[in-house]
Amino acid sequence: MKIKTTCALASPVLVAIAWAVVTTRAAGTFDAVTGLLKQEIAERKIAGAVAAVSRHGTVVYQQAVGVQDLETRVPMTERTLFRIYSMTKPVTAVAVMMLREAGRFDLDDPVSKYLPAFTHTQVLTSSGSLRPPSREVTIRDLLLHTSGLSHRTAELYQQQHVRVRTDTLPQFVEKIARAPLMEDPGTRFRYSEGTTVLGRLVEIWSGQPFDVFLDERIFKPLGMTDTGFWVRPAQRARLAAVYQSARDGGLTPFEIEPDAPFTERPNLLEGAVGLVSTVPDFVRFSQLLLNRGELNGARLLSAKTVEMMTANGLPDAVLRARNGRRGWGLGNVDIAMDTGEYGWDGTAGTVFSIDPRRESITILMWQTVPADPGGLRGRLKMLVSRAMRP
């Protein structure tokens, strides 16, 4: 399927036909990738998966193997829906940077300029006392995870019930602003809930609910017809089940969000972890980034902005503390400093990777906890790399 074009977006039927044709043509080239996925299914490491590789704007490999649900035995297809968790973050970053280009804010604006709850943030010291931060949290900090905010699984956040999916975005912001920062802004990379705060800022800057902005300004222009914050009734038969590795081997069903399943519209629209999507939809989103802001005639961002989003944005001291080899971009992507390859992954087994040098995209989706059983992502990436050699 050619996705780097200037023609109108293809219909879902034509897309499905094109993907099938491309898959057939590329089957011999990527046999080892398919073989490893089938092996992992036979060994009960994953129930099923969907994988895709695009190069030079064309999908050269796409394969669905295994089943969505071990009980019903519904097969995986390219239209299977996955909880993508932290792969939501780059989507939120695109929304934020679109509004930056519209002049709604500056990256170094203090968050408190738009969210007054952040006016009186405090830093938690090693002795357990609180003190004022050395400076205010900025929008840039939220994008780079240098804000001092923490992760949703942090003990402090759980004790204070900071992240409750039945809350609204404004309620979430009030709670997280009351919780202390873990360090001064700009001094450390700490993966955090800052991206969900950014979702609330998108609402303030745009005057639209976060989900409406994403749908109207990103998903519809890109043809991402199956991506959203919850699975509609007509989509439910395509939602993959999540499994956990059992102690005695094999897989057992595991519900990550039992209090607010993805089959119901959540009150909390989380810019950090909230979306469900499909492999074809995320190929389109990834191609937008690889094309530096444009897909099929729809330009969402300038090339200059995307270049900034996909380059390391961490200060030198913070980068060194993160080992110096892995940077982080304003696009909420992890960046290999030596190659420029970038991407990110999700809690339940989804991952995307973009290699500008090869003009390639690799997307893998399954639903397991832990997300990367036996280092499967790395093994598949190696096989994909071999298959793409000239």
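**First stop: Phe105**

Select Phe105, found in the loop between α3 (88-101) and β4 (123-124). Helices and strands here are DSSP runs (helices H or I, at least four residues; strands E, at least two), numbered from the N terminus. This is a predicted model, in which local features need pLDDT of at least 70 and side-chain atom pairs count only at pLDDT 80 or more, while totals for chains, interfaces and linings use all residues. Residues are numbered from 1 along each chain as its sequence is written, and side-chain values use heavy atoms, leaving out hydrogens and water.

Is Phe105 buried or exposed? Phe105 is buried, with a relative accessible area of 3%. Buried means under 20% relative accessible area, exposed over 50%, and partly exposed in between (1.4 Å probe, protein chains only).

Now show what surrounds Phe105. Apart from neighbours within four places in sequence, Phe105 is in contact with Val96, Leu99, Arg100, Tyr114, Ile139 and Trp205. Contact means heavy atoms within 4.5 Å. For a distance across the model, pick the C-alpha atoms of Phe105 and Gly324: they are separated by 30 Å, and the two residues are 219 apart along the chain.

**Second stop: aromatic rings**

The structure holds 11 aromatic pairs. Rings of Phe, Tyr and Trp (its six-membered ring) pair if their centres lie within 6.5 Å; planes under 30 degrees apart count as stacked, over 60 as edge-to-face and the rest as tilted.

Select Phe189 and Trp328. Their ring centres are 5.3 Å apart and their planes lie at 55°, so the pair is tilted. The pair links distant parts of the chain: Phe189 is in the loop between α6 (169-178) and α7 (194-206), and Trp328 is in strand β11 (residues 326-329), 139 residues apart. Both Phe189 and Trp328 are buried.

Next, select Phe210 and Phe229. What separates these two rings, and at what angle are their planes? The centres are 5.6 Å apart and the planes are at 50°, so this pair is tilted. Phe210 belongs to helix α8 (residues 210-222) and Phe229 to the loop between α8 and β6 (243-245), 19 residues apart. Phe210 and Phe229 are buried.

**Third stop: the backbone**

Most residues other than glycine have a negative phi, and most peptide bonds are trans.

- Arg44, in the loop between α2 (31-42) and β1 (48-55), has a positive phi of about 60° although it is not a glycine.
- His56, in the loop between β1 and β2 (58-66), is not a glycine either, yet has a positive phi of about 55°. His56 is partly exposed, with a relative accessible area of 42%.
- Val369 and Pro370 are joined by a cis peptide bond, with omega about 5°. Pro370 lies in the loop between β16 (368-369) and α12 (376-387).

**Last stop: the whole chain**

Clear the selection and zoom out. The chain has 12 helices and 16 strands. Along its principal axes the C-alpha trace spans about 60 × 50 × 40 Å. Buried residues make up 57% of the 390 residues. Of the contacts between residues at least 6 apart in sequence, 69% join residues at least 24 apart.
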